[in-house]
Amino acid sequence: YEIKECDWSSDVCSSDLLRGCLVCDGAEGDIVYIKWKVNFTNQEYRGIEVKNTEIVTFQDTAGVYMMGDNWYPEIFVPEQNKISVENAKDGLIGMEIPWSSWGGAEIFVVTDESLVDSVKKVIIPFVRDDSIELRVTWEIFVEMFEGLSWAIYVDTTTRETIRIDQLFDT
């Protein structure tokens with residue numbers, strides 16, 4: 001492939017955002033716009049992943065034309081967990097998780113057997129009124145059966161369920 005400067009007077013290269021084109025064999029029908037979407041991983045603070053903080057850039061041959069991110073310069077992490085992993089898991093037993101299947105609305109009830117062993121500490125941005133709280137949580141996975149699971153985020157200080165993410169499509 002060869003990167004060439006476009007003839008901006010032509011209809012093919014009329015975009016203000018994209019300043020390049022890719023020519024495969026020189027025929028005008030092979031001209032396409034060049035653009036990239038680059039994703040950077042989530043922020044880490046003291047070795048703890050901060051969810052929903054990936055940085056995304058959109059760029060073309062002229063450079064970056066759009067960028068979006070959530071990044072937090074100041075994060076408070078308590079020295080000790082008031083709620084242990086075991087205590088957080090115990091608090092989830094009996095929880096009802098609504099979900100939709102092909103047959104309609106369903107309820108999954110969390111049992112001891114549905115709790116997955118691997119648990120890690122993560123920070124969750126949590127919107128409350130007009131502010132964002134950064135909550136330190138246990139990320140606990142619950143599995144109905146292989147391929148159908150949820151990630152439940154339990155606050156390490158209050159045992160409050162901060163968020164439930166469904167990890168499968170319905």
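The largest nonpolar core of this predicted model comprises 17 residues, and within it Leu92 and Val110 have the most contacts. Helix 1, strand 9 (96-101), strand 12 and strand 13 each supply at least two residues of this core. Strand 13 provides the largest share, namely 4 residues.

Setting aside residues up to four places away in sequence, Leu92 touches Val110, Leu115, Ile140, Ile152, Val154 and Thr161.

Attention may now turn to the helix to which Leu92 belongs. Helix 1 spans residues 85-92, and Ala88, Lys89 and Leu92 are its buried residues. Viewed down the axis of helix 1, these buried residues fall within an arc of 100°, and therefore they line one face of the helix. Lys89 is thus listed as buried together with Ala88 and Leu92, where buried denotes under 20% relative accessible area. On the face turned away from this buried side, helix 1 carries Glu86 and Asp90, which are exposed.

What do the buried residues of helix 1 pack against? Their partners are strand 11 (115-128), strand 12 (131-145), strand 13 (148-155) and strand 14 (161-166).

Just after helix 1 the chain reaches Gly94, which adopts a positive phi of about 95°.

How values were computed:
Residues are numbered from 1 along each chain as its sequence is written. This is a predicted model: local features need pLDDT of at least 70, side-chain atom pairs count only at pLDDT 80 or more; totals for chains, interfaces and linings use all residues. Side-chain values use heavy atoms; hydrogens and water are left out. Buried means under 20% relative accessible area, exposed over 50%, partly exposed in between (1.4 Å probe, protein chains only). The arc is that of the directions from the helix axis to the C-beta atoms. Contact means heavy atoms within 4.5 Å. A nonpolar core is a set of buried Ala, Val, Leu, Ile, Met, Phe, Trp, Tyr and Cys residues joined through side-chain atoms within 4.5 Å.
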